[in-house]
Amino acid sequence: MTPRRLPIWSLHAVTATRVLILLVLFGVIAWTALTWGRRGKPQAVITMADAPAVSPEQGPVVDQSDRFTASGTKEGRPAFDLAAHTVTGLQGERKLLQHVDLTVHEQQGGTVQVQSREGQFDPSERRAQLNGDVAIKTPDGLSLETARLFYDSDKETIYTGDPIHFSLGKIEGTGQGLNYEVNERRIKIPSKVNLRVDPEDGGPPIVITAGSLAAGLAENSAVFTEPATLERGADRMTARYMRLEMDASHKKVTAIHAYGDVVVTTAPDAQGRPGELRADSLNATMGTTGEVAAAETSGGCQFKSGVYTSTSRTARFLRDEDRLELRGDPVVLTDRERIAAQEIDLHPERQSLEARGDVRTTSLGERNASIPGFGGGSAVSFQSDRLVAEQAARRATYTGSARAWQEGSSLQADEIVVDEATRQLRGAGNVLSRFTTKSTSKTTPGRPITSTIAAHHLLLDDAASTAHYEGETRLSRPDATLTSDSMDVILKDTGRRRELDRILAHGSVSARHEGTFATASEAEYHSDQQIMILRDDQGLAEVIDGATKRSMRGRELTYDLNSDRVLTETGEGGRAWITLTPDGKEGPHVEPPTPH
C-alpha cells in the first residue's frame, strides 16, 4: 500500500526558459533597435545633388544629393542620426534613400546600428520606411534581419509584415511580422514564432514555437498564443496561451502561466514510460536558481509518472514544504492500487503520501506482493478517515474507523498499520476481525459460518501466518462464543484469500455453545472439524450441560460443536464421548469409553 516516489510532472523542463527570453523578447528588438521613431521631431540638413532618372509614378524629382544626413534630438540629448549615400527628393518632402545607415542613441549612452539598401523618409507625414536587407545590431550583441520596416510616428508604431530573423549569442529566433507600440512599450510578432536556444550545459536545444508572441516591456512579460509549445529534448509543454514573466533585468523567468489544454510531457523513464501532466491551466512561480518554487493547476488535472496516475480538479505544489496538494475528488492510481479521498497530499522528497476524509484504497492481488494477512488472489480494500503511506519505511497507516476487507474476511480498528518491510499488520483500539468459512455440519452442509474476533490489539505476522489478539479477546459465531485474555489465530492460504484454521486461546478461557458452558485455562479451536479442545494442567477444564446442569471436568476436554458431545476422561483412565442434552430434555447419553 505504500507508494513509490511520484515525480512532479517534471515542470523542471520549463525552467530552462530563464535564458530563453533574456533580451531577445524585451530589451533588444523593441527598446533598442527601433526606438528612434519616438524621438523628438527630426531636424534634417539636406545637401542637394543632380537627380537621377525616376519612374513617372513617383512624381517629379525636386532635388538629389550624393550624401544625405538628418539628426534628431529629444530633451537636449541626441536621439538618432540618419545618413544615406544618395538621396532623391521628390515633390513634397518625401526622400528616396540609398544605402541607409541609422544610428540610434540609447538613453543609457549606447548606440544601435541599423542598415538597409534603400529607404524612404517623409518628415511631413512623420513616416519612414527601410527596405532591402534591413539589419540591426545592438550593444548587447543582438542581430536582427528583415526585408522591410515601417515607422508611423502618429500612431507611435513600428511594424513589418515580412519574415524576421534575430540572434543573440546561442539564441536564434524567427517570426512572421513585427508590431511595436512605442508608448505602451509592447512588441508583437503576429505569426509563426520560433525561438531556439543552445544551452551552455551542452544539453538538447530549447525550442519555443507559437502562433504569436506579445511582450510587455513595462510589465516584464511575454505571451505566446495558440499553438504555443516549449520543447527540450524529449520534454515538451503545450498550451493555447502561455505567459512568461521576467525579473527587472529581463534575465530570469519568475513565473509561467499557461491556459487551455495544458500538456507537459517528460522524457521516458528506464522502462520507457514518459511522464505527463494535463490540466486546463498551470501557474508556476520560479525560484532564485530557476527551479519551480510553487505551482498550481486547475481543471481536469491528470498526472502520469511511471506506473502512477493521479486525477483531481485542482493541484498545488509547494517546494519549500515538499508538498503536492490534490483537491477535488483526488485519485491516485498504480498498476496495483487505487487511492481516493477528499484530500491527498504527496511529499516527493520524503516519498510519502497523506490522504484525508473518506479514504478508500484498493490493492489488486498479486503473488508474493499481497497485503500481510490477506491472500494474493483477489483485491484487498481499505477505508479510513486518514492514511499516511511512507515509501522508505514501506508502511501504510490507516486511522479513524479503519477497515480492511477481502471477499468474506475483514478487519476493523481505530488504527490499522500495514508494514510490508516486516510483513506484519497491526491493529489498535476496538479491533474486530471477521472470517467466513464453509460449514462441515451435517444439518447445514456447505453453509458459510461467520466468526468474529474482538480485542484491544492485533499483531499479525504474515511469515508465520499467525495473528495475535490481546485485551479482552472474544470469538463469536452464530451458535457459540469464546473469551480469553489473548488469542493466537492460525491462518491458512486457500489461494485467493487467507482463512481461519485454528485458534489458540490463553488465560481465563470461557466458552458458550447453545446453552452449554465451558471454562479452562487454555483452549484450541479447529475450524474445519468444528471442535474445541479445553485444557487445564490442574484438571479444572470444565463443560456444563445447560439442560441437565451436569458438569464434566478434566485436564483436557474435547467439545464437538457439530455433534454436541464432549470427549472426557473416565475413572478407569480411558476417555468417553458424552452427548449433551438439547434444551428442554433430560438425561445424558454416554457412548462406550475410548482408551486414553
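**Figure 1. Glu 524 is a buried partner in a salt bridge.** With a relative accessible area of 11%, Glu 524 is buried; here, buried means under 20% relative accessible area, exposed means over 50%, and partly exposed lies in between (1.4 Å probe, protein chains only). Glu 524 pairs with Arg 502 in a salt bridge, and their closest N and O atoms are 3.3 Å apart. A salt bridge here is a side-chain nitrogen of Lys or Arg within 4 Å of a carboxyl oxygen of Asp or Glu. The two residues link distant parts of the chain, 22 residues apart: Glu 524 is in strand β34 (residues 516-526), and Arg 502 is in strand β33 (residues 498-513). Arg 502 counts as partly exposed, at 27% relative accessibility.

A word on the model: this is a predicted structure, in which local features need pLDDT of at least 70 and side-chain atom pairs count only at pLDDT 80 or more, while totals for chains, interfaces and linings use all residues. Residues are numbered from 1 along each chain as its sequence is written, and side-chain values use heavy atoms, leaving out hydrogens and water.

**Figure 2. Arg 535 and Glu 556 meet in a salt bridge**. Look for the N to O distance of 3.1 Å between these side chains. Because Arg 535 lies in strand β35 (residues 531-535) and Glu 556 in strand β38 (residues 556-560), the pair ties together parts that are 21 residues apart in sequence. Strands (E, at least two residues) and helices (H or I, at least four) are DSSP runs, numbered from the N terminus. Arg 535 is partly exposed, with a relative accessible area of 29%, and Glu 556 also counts as partly exposed, at 27% relative accessibility.

**Figure 3. Glu 343 and Arg 327 form a salt bridge**. Their side chains come to 3.8 Å, N to O. This pair links distant parts of the chain, with Glu 343 in strand β24 (residues 343-347) and Arg 327 in strand β21 (residues 323-327), 16 residues apart. Glu 343 is partly exposed, at 30% relative accessibility. Both residues belong to a network of salt bridges that also links Asp 345, Glu 354, Arg 356 and Arg 386.

**Figure 4. The whole protein has one helix and 41 strands**. Stepping back from the close-ups, the structure holds 29 salt bridges. Buried residues make up 50% of its 596 residues. Of the contacts (heavy atoms within 4.5 Å) between residues at least 6 apart in sequence, 41% join residues at least 24 apart.
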